[in-house]
Amino acid sequence: MVAGHTARAPRWIVGITGASGAIYGIRLCEELLASGIELHLVITDAGWRVIKEELGWDVARRRDTLERYFDRTSPGSLHYHDNRDIGASIASGSFLTEGMIIVPCSMGSLSGIAHGSSDNLLTRAADVMLKEGRKLLLVPRETPLHAIHLENMLALARLGVKLIPAMPAFYYKPQSMKEMVDFLVGKMMDNMSMAHDLYRRWGEEHLGEQTPDYPRSD
């Protein structure tokens, strides 16, 4: 341990933007808090709008809504930051974190990050990850993609940003929407180097006879 530093829980920033798929971000927060993470959450205004439309949350009192939803007895700790608070702790490179994940990530926020446009807390925190060489993971949710989207993703990939498109898998035969959501959340946690048991992995013994029965060509 470095002199003058004390041990702390792993610290991650989670951003939620106005792309469809708010459930991915909320479900990830649940798992991180259950894992004992110090979670710093920032949600754009458009992100709150999507949460209201897709999940039916009351977003008039945002901080109170988060505290009611997330289990306050979980081993992790939740710190909510207003996206307008450009002076928040996560806006500084001196505030140590393991990294940041934005889920879902709109094409607007992705573009701002790719071009270094830090005009709100979410994009500033992402810019900090880039300049400090920390993990930055984006979960884009848009289809179809045009050339500007792809060029922005390529620019970020070349900087070491991990792009995890919101694409469910079917090899494990999901039986519910929750299983499909958990698969993607599990892929996020894999790339955050965090243990979980959210989905069955290909090749594990218990997959056994669950290999999909594809139609034969003969």
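Close-up 1. The largest cavity has a volume of about 30 Å³, a volume being the space filled by probe spheres set on the grid points, which are joined across faces, edges and corners. Its lining residues, meaning those with an atom within 4 Å of a point, are D45, R62, Y80, D82, N83 and R84. By class, this lining divides into 1 nonpolar, 1 polar and 4 charged residues, with Ala, Val, Leu, Ile, Met, Phe, Trp, Tyr, Cys and Pro counted as nonpolar, Asp, Glu, Lys and Arg as charged, and the others, Gly among them, as polar. Residues are numbered from 1 along each chain as its sequence is written, and side-chain values use heavy atoms, with hydrogens and water left out. Because the model is predicted, local features need pLDDT of at least 70 and side-chain atom pairs count only at pLDDT 80 or more, whereas totals for chains, interfaces and linings use all residues.

**Close-up 2. The largest pocket.** A pocket is an open set of grid points with protein on both sides within 12 Å along at least five of seven lines, and the largest one here has a volume of about 230 Å³. S20, G21, Y24, P140, R141, E142, T143, L145, M153, P165, A166 and M167 line the largest pocket, and these residues comprise 7 nonpolar, 3 polar and 2 charged.

**Close-up 3. Helix 4 against helix 6.** Helix 4 (residues 107-114) packs on helix 6 (residues 147-158) at an angle of about 45 degrees, with the axes 9 Å apart; axes are lines fitted to C-alpha atoms over the stretch in contact, and angles run from 0 to 180 degrees between N-to-C directions. Helices (H or I, at least four residues) and strands (E, at least two) are DSSP runs, numbered from the N terminus. The two helices, helix 4 and helix 6, are therefore oblique to each other, the term for angles that are not under 35 degrees (roughly parallel), over 145 (roughly antiparallel) or 65 to 115 (roughly perpendicular). Helix 4 passes helix 6 in a left-handed crossing, in which the near helix is turned anticlockwise from the far one by less than a right angle, clockwise being right-handed. In this contact (heavy atoms within 4.5 Å), M107, L110, S111, I113 and A114 of helix 4 meet H149, N152, M153 and L156 of helix 6. The contact residues comprise 6 nonpolar, 3 polar and no charged.

**Close-up 4. Helix 1 against helix 7.** Helix 1 (residues 22-34) and helix 7 pack at an angle of about 65 degrees, with their axes 9 Å apart, and their crossing is right-handed. Helix 1 contributes I23, Y24, R27, L28, E31 and L32 to the contact, and helix 7 contributes K178, V181, D182, L184, V185, M188 and M189.

**Close-up 5. Backbone details at two prolines.** A cis peptide bond with omega of about -10 degrees joins V103 to P104, and P104 lies in strand 4 (residues 99-105). A cis peptide bond also joins T143 and P144, with omega of about -10 degrees, and P144 lies in the loop between strand 5 (135-140) and helix 6.

Terms used. On a 1 Å grid over the protein atoms alone, a cavity is a set of points where a 1.4 Å probe fits but cannot get out, and a pocket is an open set with protein on both sides within 12 Å along at least five of seven lines; lining residues have an atom within 4 Å of a point.
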